Amino acid sequence: MRLDEYAAHDGTSLARLLAEGKVTPRELGRCVEQAVAAVNPALNAVIELYPDALESLPEGASATPFGGIPTLTKDFPVEAGRPAEFGSRLAQGFSAGHDAVYWTRLRKGGLVNAGRTASSEFGVPAATESPLYGATRNPWNPQRGVAGSSGGAAAAVAAGIVPFAQGSDGGGSIRNPAAFCGLIGLKPSRGRITGAPTANAPLLGLATAFMLTRSVRDTAVLLDLCHGPDAGDGYEIAPPAGTYRDAMQRPPLGLRIALCTKSWSGIQLDAEVAAATRSAAERFVLLGHHVEEASPDFDYAAFLHAQKVIWAADAAAHMPAMARLMNRSLEEALGTSVYALYRWGLCISGAQLIDALAAYDRVTRQVGRFLAGYDLLLTPTSAMLPEPIGTFDPNRAGIDADGVFDDLAPKEAFTALFNATGQPAISLPLGRSCDGLPIGIQIVARFGREDLLLAAARQIEEEVESAPGIWGQGRPAIHAGNF
């Protein structure tokens, strides 16, 4: 298979070719190697490929939904024995001690972990510019960033290295990179993807793993493969009534959609982002849905303070164990942003953490009641366009914990809320700036309604998929199909 042919397919299409015997997993592995060689020097998205995984790819497809498609995982613990360095000098040389349960399900579904992608340090900064591996660049314009923390995954998928890649989202870390790179990025409902065998949901329920993709159908099938609880989970979300693949094919009718283009934080929206969001709303109107401007009402300052407390407490709780394990000094090995968060976390009391969780409970009730009156909420994903590399340098001297969150603010103004409240949210590539940069639009559904999100996303996708590229965007400047 030629590289330009390979890079034009989503995972579902490659799986069909595998099932028909028109290509083999081994050939796809060679395409991944060629694509990395062609585009990664310009992007710095892929840290490494795993020669043993590529060499063991068979000449025949497996009898699974994806048949043996190679993919990439984030620089976090995902698969036993694989490096998981969190983009940090502190964790350099660390490897995952066990498989994530959701990953074992994806592997049984025919995915092969062929390498790992760059992340921001410990997933904290919203810029994938880590002290260990440097800056990851945007395939649409390599002078621009890819957000974070799953920035390497986003750049790799957008550049045609793999059809989809694993990521995780604790405040927007799937959705923002998807928005900056012109992809689809779903953050499932809390509990939809188990955190087993460790936390039920990492970061006190804020974080979840999933995949960044180029098509709604890939998103649906991947979710079908990996959703569901594991034995010992502290709570279990209600399962879907059927498959997500079936759900996405049922066009929704007459949805009530709330449109929000004013950030709860007061951050000013880029004018092109605001225009793209309104244009997306008009698309839904043309499809027969009812759109009105409305927004949940909650205390954003209290919410933001609670987020700071929870993130900092988590850093203070977990960083020392990694330092002991790797025999390194936190002050010397951590980048300045993560170290500032850790240091502030040391000052947080148990009472403050309980208060933060109570604040999250209050905002969860308020957002839940708001969404009871609407089927979907439509917002920008990020308040800004992809910024020049170095704009939010996470390793600059003198940054404190407030500075860390100031850097996050324009990207997480619309995303982090739903990590707190647990609703499913998806970023869709529905806009372009005058300079050709992608603009992501977020839609949010009631808790547990990924089926409706995917059906609405597919309804929009059908309108744009006949044009070239992902959702009619054309091809990025740096793309495997150009070689």
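How many nonpolar, polar and charged residues does the lining of the second largest cavity have, by class? I shall return to that question after a few words on the model.

This is a predicted model, in which local features need pLDDT of at least 70, side-chain atom pairs count only at pLDDT 80 or more, and totals for chains, interfaces and linings use all residues. Residues are numbered from 1 along each chain as its sequence is written, and side-chain values use heavy atoms, with hydrogens and water left out.

First, the cavities. A cavity is a set of points on a 1 Å grid over the protein atoms alone where a 1.4 Å probe fits but cannot get out, and its lining residues have an atom within 4 Å of a point. There are four cavities of 30 Å³ or more, where volume is the space filled by probe spheres set on the points.

The second largest cavity has a volume of about 60 Å³, and its lining includes K187, R190, I193 and N419. To answer the opening question, that lining has five nonpolar, five polar and two charged residues. Here Asp, Glu, Lys and Arg count as charged, Ala, Val, Leu, Ile, Met, Phe, Trp, Tyr, Cys and Pro as nonpolar, and the others, Gly among them, as polar.

The largest cavity has a volume of about 70 Å³. Its lining divides into seven nonpolar, one polar and two charged residues; among them are P125, F392, V404 and K411.

Finally, helix α15, residues 401-412, packs with helix α11, residues 300-326, at an angle of about 120°, with the axes 12 Å apart.

Conventions:
Axes fitted to C-alpha atoms, helices over the stretch in contact; angles between N-to-C directions. Helix = DSSP H or I, 4+ residues; strand = E, 2+ residues; numbered from the N terminus. 1 Å grid on protein atoms, 1.4 Å probe; cavity = no way out; pocket = protein on both sides within 12 Å on 5 of 7 lines; lining within 4 Å.
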